[in-house]
Amino acid sequence: MPFGNTHNKFKMNYSAEQEFPDLSQHNNHMAKVLTLDMYAQLRDKETPSGFTLDDLIQTGVDNPGHPFIMTVGCVAGDEETYDVFKDLMDPVIEDRHGGYKPSDKHKTDLNAENLEGGDDLDPNYVLSSRVRTGRSIRGFCLPPHCSRGERRAIEQLSIEALDSLEGDLKGKYYALKNMTDEEQQQLIDDHFLFDKPVSPLLLASGMARDWPDARGIWHNDNKTFLVWVNEEDHLRVISMQKGGNMREVFTRFCTGLTKIEDLFKNRGHEFMWNEHLGYVLTCPSNLGTGLRAGVHVKLPNVSKHEKFGEILKRLRLQKRGTGGVDTAAVGGVFDISNADRLGFSEVELVQMVVDGVNLLVNMEKRLEAGEAINDLMPEQK
Amino acid sequence: MASSFTRILSSKRNVGILSLVGGSVAAGFLLHREHVTAGEPLRRRYPASAEYPDLRKHNNCMASSLTPAIYAKLCDKATPNGYTLDQAIQTGVDNPGHPFIKTVGLVAGDEESYEVFAELLDPVIKERHNGYDPRAMKHPTDLNASKIQSGVFDERYVLSSRVRTGRSIRGLSLPPACTRAERREVERVVVDALSGLKEDLTGKYYSLTLMTEQEQQQLIDDHFLFDKPVSPLLTCAGMARDWPDGRGIWHNNEKTFLIWINEEDHTRVISMEKGGNMKRVFERFCRGLKEVERLIQERGWEFMWNERLGYILTCPSNLGTGLRAGVHVKLPRLSKDPRFSKILDNLRLQKRGTGGVDTAAVGGVFDISNLDRLGQSEVQLVQTVIDGVNYLIECEKRLEKGQDIKVPAPIKQFK
């Protein structure tokens, strides 16, 4: 985002000490890693598109964080950010992604055939299944830094690619600035509509500039495959349906993603990807697969068990409320999803969710019947 | 530290000239692309027509004046600090405005913004300041409070009196664009100067990052504490970055002279007291401002000012005097009279609720202040408020006695 870092060279007239942010109240990954020395080393650098260190860290400076929740505190403005500023990004990534090293390689696997089972999560407990990820179009700046021209070009490319989808993926694009009241209400009722971000974490990075220009939602006629354009990432891709057939959700997810990737390639564009970081997205927390596979599942008894947190940790799962991140569970219904993003393939992560949710449902049934669950306690994955 | 900044000032003058003359050449020089390595993609460049914002739903002064032609002409330019048109207009693009309330829709990142982007700023200034033409007219500055006539209001009606303005430190970027070091330098320069104030102006600085809980509570109780801006008009302009670093409040021991540092402007200066002695409030205002100016000049600094635009502030709406002189005044009967708005208009006054801009009046008590900022001097504007409020009080008294009131003839705008 070009505020305040208008001209990076001009800032070099001031010393690093004079410019170094006050991070004494801060608790985020960026603040843990960024020392004065590192700031001094990196502050005269820019990516080819002009993204600077101060652009990168602005959201983390403006949002000191929470004593219990560790936010990332930095964003990428383009693909090269992860390289030009790797002295900062690598330790942030290592800290955020469970010790992932700069030399590690990330495996991508979007072959849904490799998933075992997953088609019969008990629908008496599992209300809905969903898989989401993000994709960035190589050669364009990311939402914190892109110009209006770039954002519009991304939208145009996306519309062309998505309009070519066929069969059960055939659908329609709704631009945020053009939609009618009826279309808007329908999208709200379907729980598809995204609105201008209100979180200061996102606003401070500059990704809400020019709202709602070039933002929109595409979904297939069946309402099981949905793409957000130009929200926090270039594209967010979501496959979802009611019930417990995660296998079907994941299969559609993989098919759809692969088709979209081909359609972009036919037009001379590829997704940002490399063998160390996997798919490159705006927030370092979404690197690798960028994948969150989750279910809404009824666990009124298990959730009250003293070992619930420990069980989730061992299964490498996380819980959220049914409104998504930072919401509360209602009526004992939880959103359970994979905790990891990087260092595991898509198939591996979805397998963890499938196996983990099956186990949790078994535990729920035992507790309902008044039986113990000690023998079901999992090992740490 | 002052020496490194004076070096910057002298080099900036040269670069400033370059940017005015060289247009896109200078912009190319200033907007560095030096780190492009061979084989790596440059930033995609789009023509101005592809970058021009969609302003069809917008109702602000920037949107009224920014034609595609002006955008194309200015979009590659930058001030010597590297501030660009896109940054200046971002707040107006992000905030389409309200059908009834026309906001300005752009800000300045530095003093040079008003020159480099004059083709857009001049018509915006003209629209916002009722026809003031920065190319043809001169703005009068007059801080001689002895010229004020009467100025002590009937305290059965006037509860409090207040005058505020802003001042910017020449050579340092404004809040939308300043770096952390610049912002801290503004704080240092101003706090250092304020420590030289004496007698009834002797006071103390409370930095937002360092204040204790007790100090914070006291400042809240005194209605002095300002908080991180929440208005998207301000946050979209980038002026809340790095909060609360470099921000603070200074006030004199008597709590009648108050300075905000690094909120929407480098400084906001406020003189106030309970009751109706506007003359004394303005006298202290002028004295304090002049004294602060003298103290910063002693240290080699000055305020941003020129004879076209008067005092330079972040928002074009605050150019000229940047002055809002106002009272909290009880007008329960007059405010219900259908002629109230017309009377205010003709007197060149505006009403606000007692919480300030965008609040409602409570108990018939209104905040009445001058409408204008640019094209008239401080003395003229304060006199306008004094004369106008006296007239309003006369009206209220007449209505109390069951007598009729008259709508006054409109007073001239540019004197």
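**Exercise 1.** In which loop of chain B does B:Pro244 lie?

*Solution.* This is a predicted model, in which local features need pLDDT of at least 70, side-chain atom pairs count only at pLDDT 80 or more, and totals for chains, interfaces and linings use all residues. Residues are numbered from 1 along each chain as its sequence is written, chains are lettered from A and ligands numbered from 1 in the order in which they are written, and side-chain values use heavy atoms, with hydrogens and water left out.

Step 1. Helices (H or I, at least four residues) and strands (E, at least two) are DSSP runs, numbered from the N terminus. B:Pro244 is in the loop between α11 (232-235) and β3 (248-252) of chain B.

Step 2. The peptide bond that leads from B:Trp243 into B:Pro244 is cis, with omega near 0°.

**Exercise 2.** Describe the loop between α10 and β3 of chain A through A:Pro212 and A:Ala214.

*Solution.* Step 1. A:Pro212 sits between α10 (200-203) and β3 (216-220) of chain A, and the bond from A:Trp211 to A:Pro212 is cis, with omega near 0°.

Step 2. A:Ala214 is also placed in the loop between α10 and β3 of chain A. Although A:Ala214 is not a glycine, its phi is positive, about 65°.

**Exercise 3.** Describe the interface of chain B and chain A, starting from the residues in contact.

*Solution.* Step 1. With contact taken as heavy atoms within 4.5 Å, 52 residues of chain B touch 47 residues of chain A.

Step 2. The buried area (accessible area, 1.4 Å probe, that two parts lose on being put together, summed over both) is about 3,900 Å², and carbon and sulfur atoms give 46% of that.

Step 3. Counting polar contacts (N or O atoms within 3.5 Å, one able to donate a hydrogen and the other to accept it within protein; residues adjacent in sequence count only if both atoms are side-chain atoms) gives 21 residue pairs across the interface, both residues at pLDDT 80 or more.

Step 4. On the side of chain B that touches chain A, α1 (2-22), α3 (48-51), α6 (85-94) and α9 (180-194) each give two or more residues. The largest share, 6 residues, comes from α6(B).

Step 5. Sort that side by class (Ala, Val, Leu, Ile, Met, Phe, Trp, Tyr, Cys and Pro nonpolar; Asp, Glu, Lys and Arg charged; the others, Gly among them, polar): 23 nonpolar, 10 polar and 19 charged residues.

**Exercise 4.** How many salt bridges does the rule find across the interface of chain B and chain A?

*Solution.* Step 1. Apply the rule: a side-chain nitrogen of Lys or Arg within 4 Å of a carboxyl oxygen of Asp or Glu. The interface has 3 salt bridges, and the count over all chains is 60.

Step 2. A:Asp54 forms a salt bridge with B:Arg180, their closest N and O atoms being 2.5 Å apart. A:Asp54 lies in helix α5 (residues 53-62) of chain A and B:Arg180 in helix α9 of chain B, so this pair joins two chains.
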